[in-house]
Amino acid sequence: MTAEPLHTTRDDPAEILRALPAKWHEQFMSEYHAALDAAHEVWRFKQLREVLHRWRLHAIAVSNPDFDRAEQDVRDGRREGFVSMDDAFPGWAARQ
């Protein structure tokens, strides 16, 4: 059995910050610091990893040039071209 790293560079907070548009920096840093402080309790370390993973995915989404337009389309009720979570992942609603 091969050991796996505890922390991969893809969830590196510096890389996440670099990928995020500037308007998200303050919120990311706030959530990151809160999770980092909480991680002093060993049983809460997983929370830090989850925050970093969630923000990495968020950075991927919001750095897409079409993200702002798509977000506005949803806010305006224009949902054509979008797929529901249940259609994309059958049984999604049951997991919630």
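Predicted model: local features only at pLDDT ≥ 70, side-chain atom pairs only at ≥ 80, totals over all residues.
## Aromatic rings and helices

A search of the whole structure finds three aromatic pairs. Here, rings of Phe, Tyr and Trp (its six-membered ring) pair if their centres lie within 6.5 Å; planes under 30 degrees apart count as stacked, over 60 as edge-to-face and the rest as tilted. Residues are numbered from 1 along each chain as its sequence is written, and side-chain values use heavy atoms, with hydrogens and water left out.

Let us begin with two tryptophans. The rings of tryptophan 24 and tryptophan 55 have centres 6.3 Å apart and planes at 65 degrees, so this pair is edge-to-face. The pair links distant parts of the chain, 31 residues apart: tryptophan 24 sits in the loop between α1 and α2, and tryptophan 55 in helix α3. The helices named here are DSSP runs (H or I, at least four residues), numbered from the N terminus. Tryptophan 24 is buried, at a relative accessible area of 16%, and tryptophan 55 is buried as well, at 4%. Buried means under 20% relative accessible area, exposed over 50%, and partly exposed in between (1.4 Å probe, protein chains only).

Another pair lies within helix α2. The rings of phenylalanine 28 and tyrosine 32 have their centres 5.8 Å apart and their planes at 15 degrees, so they count as stacked. These two residues are four apart in helix α2, separated by about one helical turn. In general, an α-helix has 3.6 residues a turn, so residues three or four places apart point the same way. Phenylalanine 28 has a relative accessible area of 0% and is buried, while tyrosine 32 counts as buried at 15%. Together, Trp24, Phe28, Tyr32 and Trp55 form one aromatic cluster.

Now look at α2 itself. This helix covers residues 25–38, which makes 14 residues, and reaches 20 Å from its first C-alpha to its last, close to the 20 Å expected at 1.5 Å a residue. The expected span is 1.5 Å times one less than the number of residues. Its buried residues include Phe28 and Tyr32, along with Ala35 and Ala38. Seen down the axis of α2, the buried residues fall within an arc of 125 degrees, so they line one face of the helix; the arc is that of the directions from the helix axis to the C-beta atoms. On the face turned away from the buried side, α2 carries the exposed residues Glu26 and Asp37. The buried residues of α2 pack against α1 (13–19) and α3 (45–62).

That brings us to α3, which has 18 residues and reaches 26 Å from its first C-alpha to its last, close to the 26 Å expected at 1.5 Å a residue. Its buried residues are Leu48, Val51, Leu52, Trp55, Arg56, Ala59 and Val62. They cover an arc of only 140 degrees around the axis, which puts them on the same side of α3. Lys46 and Ile60 are exposed on the face turned away from that buried side. What covers the buried residues of α3 includes α1, α2 and α4.

Several of these residues meet again in the largest nonpolar core, which has 13 residues; those with the most contacts inside it are Ile16, Leu20, Phe28, Leu48, Leu52 and Trp55. α2 and α3 each supply at least two residues of this core, and α3 gives the most, with six residues. A nonpolar core is a set of buried Ala, Val, Leu, Ile, Met, Phe, Trp, Tyr and Cys residues joined through side-chain atoms within 4.5 Å. Leaving aside neighbours within four places in sequence, tryptophan 55 is in contact with Ile16, Leu20, Trp24, Gln27, Phe28 and Glu31, where contact means heavy atoms within 4.5 Å.

Finally, turn to helix α4 (residues 67–75), where aspartate 73 is found. Aspartate 73 is buried, with a relative accessible area of 14%. A polar contact of 2.6 Å joins its side chain to that of arginine 78. Such a contact is a pair of N or O atoms within 3.5 Å; within protein, one must be able to donate a hydrogen and the other to accept it, and residues adjacent in sequence count only if both atoms are side-chain atoms.
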